[in-house]
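Please read it alongside the model.

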Protein chains: 4
Amino acid sequence: MSSTYGERFRFTIFGQSHSPAIGVTIEGIPAGSRIDTGRLQLFLERRAPGHDATATPRKEADYVEFLCGIKDGITCGTPLTAIIRNTNTRSGDYDKLRTCPRPGHADYTGAVRYKDAQDPAGGGHFSGRLTAPLCIAGGIALQLLAQQGITIGSHIQTIEAVADDAFDPMNISAQALKALAAMRFPVLREGAEEEMRQAVLDALQDGDSVGGIIECAAVGLPAGWGDPMFGGMENRIAQIVFGIPAVRGLEFGAGFAAAAMRGSRHNDPFVVKDGSVTTATNHHGGILGGITSGMPLLFRAAIKPTPSIGMTQHTADLKTGEQTELSIGGRHDPCIVPRAVPVMEAAAAAAIYDAYLCSL
Amino acid sequence: MSSTYGERFRFTIFGQSHSPAIGVTIEGIPAGSRIDTGRLQLFLERRAPGHDATATPRKEADYVEFLCGIKDGITCGTPLTAIIRNTNTRSGDYDKLRTCPRPGHADYTGAVRYKDAQDPAGGGHFSGRLTAPLCIAGGIALQLLAQQGITIGSHIQTIEAVADDAFDPMNISAQALKALAAMRFPVLREGAEEEMRQAVLDALQDGDSVGGIIECAAVGLPAGWGDPMFGGMENRIAQIVFGIPAVRGLEFGAGFAAAAMRGSRHNDPFVVKDGSVTTATNHHGGILGGITSGMPLLFRAAIKPTPSIGMTQHTADLKTGEQTELSIGGRHDPCIVPRAVPVMEAAAAAAIYDAYLCSL
Amino acid sequence: MSSTYGERFRFTIFGQSHSPAIGVTIEGIPAGSRIDTGRLQLFLERRAPGHDATATPRKEADYVEFLCGIKDGITCGTPLTAIIRNTNTRSGDYDKLRTCPRPGHADYTGAVRYKDAQDPAGGGHFSGRLTAPLCIAGGIALQLLAQQGITIGSHIQTIEAVADDAFDPMNISAQALKALAAMRFPVLREGAEEEMRQAVLDALQDGDSVGGIIECAAVGLPAGWGDPMFGGMENRIAQIVFGIPAVRGLEFGAGFAAAAMRGSRHNDPFVVKDGSVTTATNHHGGILGGITSGMPLLFRAAIKPTPSIGMTQHTADLKTGEQTELSIGGRHDPCIVPRAVPVMEAAAAAAIYDAYLCSL
Amino acid sequence: MSSTYGERFRFTIFGQSHSPAIGVTIEGIPAGSRIDTGRLQLFLERRAPGHDATATPRKEADYVEFLCGIKDGITCGTPLTAIIRNTNTRSGDYDKLRTCPRPGHADYTGAVRYKDAQDPAGGGHFSGRLTAPLCIAGGIALQLLAQQGITIGSHIQTIEAVADDAFDPMNISAQALKALAAMRFPVLREGAEEEMRQAVLDALQDGDSVGGIIECAAVGLPAGWGDPMFGGMENRIAQIVFGIPAVRGLEFGAGFAAAAMRGSRHNDPFVVKDGSVTTATNHHGGILGGITSGMPLLFRAAIKPTPSIGMTQHTADLKTGEQTELSIGGRHDPCIVPRAVPVMEAAAAAAIYDAYLCSL
């Protein structure tokens, strides 16, 4: 089913942008796991808007309410459901979206798929708001992985034409990843943040938006997690990462650049170091045959520019069949990339934790 | 489960490179579907080696034997199993792979995952040979989609540094795709084939290998197939495409390039043309919110250079913990990209057909 | 996953007896389906306690709150979540249950399974209270089936030694089933209710409890729903019915009595009547090879006596390893059978509706 | 999917009675498991016909051929496929079955479900012959469970009106179960076999058939396997046991008899014996809340009389709509019960082993 992810750590995300609540139901969290709900709440605040001129000034409290499955911070083993009330919804005239679909949005395709019965307000179930419950599930997975010494972190690789430095795939420390998680605008290169913010503000001034690339890493993984074929780490991560709205591309290790390399360069020689197997280089991004090698797991995801822009756009009036113009009011993000960073980490964590349970 | 794909058109791929047989068990093919088994056999020959100096001279008959589920070319509605006997296997000393894993292969990670009990001969279940049963499942899906007027085709976008022209995302005809399918080395630009072959032969001469990018398109799709979140067309295609060995990256529509665009450019305005809804441009690659828009569906996958190369490579002897050298004998592909083209189409077809059944 | 049921109409039941809320998340309800939420609320009241001396006097409001997936009574196509707040919980000393498990309950096995981390209060996730969200999912399925002319109904076949008449498997009308649904104590034979009530009251007076058998029927089903092997109507119904606490047996059509019949008697001859195929008798209970035949679908489920009884019982103190005595206070049902009737119908409806979607 | 069973030990059964082969594809067998293929072959012979006047004289070699997933008796961790060639098929005029369906068979319902495209020869995918691959999967599970000290065995509880003694639910030894497995006609009571055989031969002489009940037990199970709700041991066993053709009823522990008991009698008091928790009686049949208690797991399944009988039967000619008579030639079992015994054990083993893997 399409809003369900995972085999053994399995969750279903529910809700619409303007429904009474959104949330997630999770099965498969091992009984007796300790979850720090305060820390989870802080994790969710990383994706919340309202912090910054580069994001929508809309306030979303995103207060997580646990309905079941956890007691005194300890999981019961049975399903856990957590919800977030939708409080700050402005009910505009969303019926217009059915007649004049917003370019780059799911208004039109969603209407066809659901025979005009979907809830279009605020994007409905397609809204980026639904990444909040994804962060609940993934935030729990992050904590459970951390208890095993695994750290996941990311930085903004690019925004529009501005590039950050790249991770050194051979040298990514847990501390560095944790430091990035503490930054609202996580980048590696000094000065990158200011340049990127400027690119966003320039677009905002034009009533326009920009996209970017996020680079995500996981360290501390043992070798041997993941499965061949359709259960590989890439498949698992891809299935969840493409569930984040606006993701248009995904690559692992050397990624697309690998296509231009020769085998002699791309192949990473094995070495035994301090009694444990590792590789001399890390073009493979920590995954071979779908299975972790023990090297840092590395992937990059491309985020398209936010489709909601202030500029007047061309679209069609589906009723009349005439070309028309559309002005999207409301409060939108000129760039979703910074807010997508914790979502990417949550997604990676959910995929990796599920692969771990499947490897038992 | 990791070797199983699909929700309603669901199949499990089984076999090892050197086991008595490989094959696929498929559930969910609608009863009464007509399958042209002769055409399916021809489709499989597109991925078979032995045609060309750019591929391994190893002969694989790849004769498909149907065990059940089809009678007189008509599917029964109950599971269909088809197998290919492994006849031309040279049993080398594969025990060495456990001690001295081949760089870029799953020898090491597979051994960790399966506690040294996996069958390493010829790569075992991780072998590229397992794409043959994927072509059986996908080849059936291709025929079933064709019966609905949907055509899938691909071209080689790059090999090493040589680039073909790109598809024009607004103008991809079924005929053009069919013409590509008839070419052993499908490219759009005149001269591209020769340049690419030269790149492969150059690498071969050096005992090396090259990778490349495949661009794949599906036309004739109606709007409204696919699902939100983890059941989107991208998620479905990603989950299967990353199951093809050597795929390192995947992008849809404008893909990674979208990350550098502004929203005003990337957004595709809707237009009504001859009474049907379409878009004026196709940066979205035929998918919005995970659901088909009716425009050509377009994706690109990056294939790493074949890890099996003739050159002597460095690796570790896991027993002694010493560095050592490895020379991979046998018959290998200096470039897997041309043979991966029909596999990519098969994967796309399986994903799209499954999404179709889920949309009913 | 264990609290999830269904393939295409798929739901996960969550909550514990004393958690803030219980509920259900459903995927796969076709978009644009009309749900009468008022009628659903009334359906849930059929299982609510507090009506009668034969049930617990405990009041459970069981007010259904829809969080998403439905708008103005029309389903959106995306996940639907509905919850019931747990308001009337008396927090007793449930820690004792871990030391001195109640006979016939899951206190001990649940503690072993969940490493003592499960929530034992009120039975936790094992509580009969969790049949309320099952009634939400099944109640929705009942309405969707009713829109196709399918009616499901039941009567109490036995309570302890008191037997009702049995359904005539050849003559079950939709009206009769609807009439039964309007009865709080649905029986066919005049006088059966009084005798059954007396049996319950006798047990209650002794601080004891009784069980019984429910016979359930579905009429209006077309031929051709269900699947062979593990997806047969029996398998689907069994998988959900054994999820109702206290069910110990299940039989279809002639059931266990079939084991004593000869084939010549048990086989139901086919007849063509008014142009449609039917059978002259209905020992097969409307299912052949797992697939509906168009005849009334008929099954019986055995419910064990409520394990919570007022009498002092023997159990072990797991800490000391000594035998001890246990007195279960609180408000319990001396007989769960009447309240289990709508639950049985809900379960049957969910199974049948899912089979229908799988047959498309 | 309907011919697929299991979550972590997951298999798909394929084939038709008269297709080139039948078989099973299994995912999830832990790598490095030792399988005695010779013993598996002997297990399959327990269900093979041709031994006895009470079964069809038809010979089925049922030779198991492993295509992959196992090497030198050790599982690889990747999918295992095993097939049995169909050699001894008499191709009769099965088209008649579409016009004049056999009473008690799936001829009619299968044709409706599969739009007349199913393969009706010999019953197609609905044939009892498909229990052979179920015995492959279950036979492997039996061996894996035996390696953990778990034994599964059964006896014939009744055939027509002849009853065997019942298991003593408190005293079932592994040795006794193994002794039963060595008997072709496993019963507990001396003389029962002769009486039962006579009942079968009497029916055979009349051109008729008889059914019966099988009682199955598993001992050596630890407490804590299985899950609440739909993943309970009963649900898991029910989902697979109702996949055995002809099963019409299923009960656990005291079963239907529990419905007539009072709670004070049915509840099994806990006791601590030699430091481990057990119960003083075993009405619960080793399962509480869906989870094993450590006591013998006990269930009974009712098998209907074989629908294929020699006597002339009434049926309808679906083409003409007229009543007609049908004489089923061929070689049929007057009683399927003895051959169903190992199938029942295989089914139980598959369910229990899968529950075990899910409890990890």
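Predicted model: local features only at pLDDT ≥ 70, side-chain atom pairs only at ≥ 80, totals over all residues.

**Notes on strands and chain contacts**

1. In strand 2 of chain B, B:Phe11 is the bridge partner of B:Tyr5. Strand 1 of chain B and strand 2 (residues 10-14) of chain B pair in the antiparallel sense over two bridges. Strands here are DSSP runs (E, at least two residues), numbered from the N terminus, and two strands pair if DSSP finds at least two bridges between them.

2. Residues are numbered from 1 along each chain as its sequence is written, while chains are lettered from A and ligands numbered from 1 in the order in which they are written.

3. Chain B holds an open sheet of five strands in the order 1-2-3-7-4, with antiparallel pairing. Strand 1 (4-5) and strand 4 (64-68) of chain B stand at the edges with a single partner strand each, so one side of each has no neighbour in the sheet. Strands of a sheet pair through backbone hydrogen bonds, either parallel or antiparallel.

4. Chain A is superposed on chain B by a rotation of 180 degrees with 0.0 Å of shift along its axis (RMSD 0.0 Å). The two copies are thus related as by a two-fold rotation axis. The same surface serves both copies, since 100% of the contact residues of chain A recur in chain B. The superposition is by least squares on the C-alpha atoms of residues with pLDDT of at least 70 in both copies.

5. The contact takes 90 residues from chain A and 90 residues from chain B. The side of chain A that touches chain B has 43 nonpolar, 37 polar and ten charged residues. Residues are in contact if their C-beta atoms, placed from the backbone, lie within 7 Å. Ala, Val, Leu, Ile, Met, Phe, Trp, Tyr, Cys and Pro count as nonpolar, Asp, Glu, Lys and Arg as charged, and the others, Gly among them, as polar.

6. Across this contact, strand 11 (residues 247-252) of chain A and strand 11 (residues 247-252) of chain B pair in the antiparallel sense over three bridges. In strand 11 of chain B, B:Glu251 is the bridge partner of A:Gly249.

7. For chains C and D, strand 11 (residues 247-252) of chain C pairs with strand 11 (residues 247-252) of chain D in the antiparallel sense over three bridges. C:Leu250 has D:Leu250 as its bridge partner.

Definitions and conventions:
Contact = placed C-beta atoms within 7 Å. Helix = DSSP H or I, 4+ residues; strand = E, 2+ residues; numbered from the N terminus.
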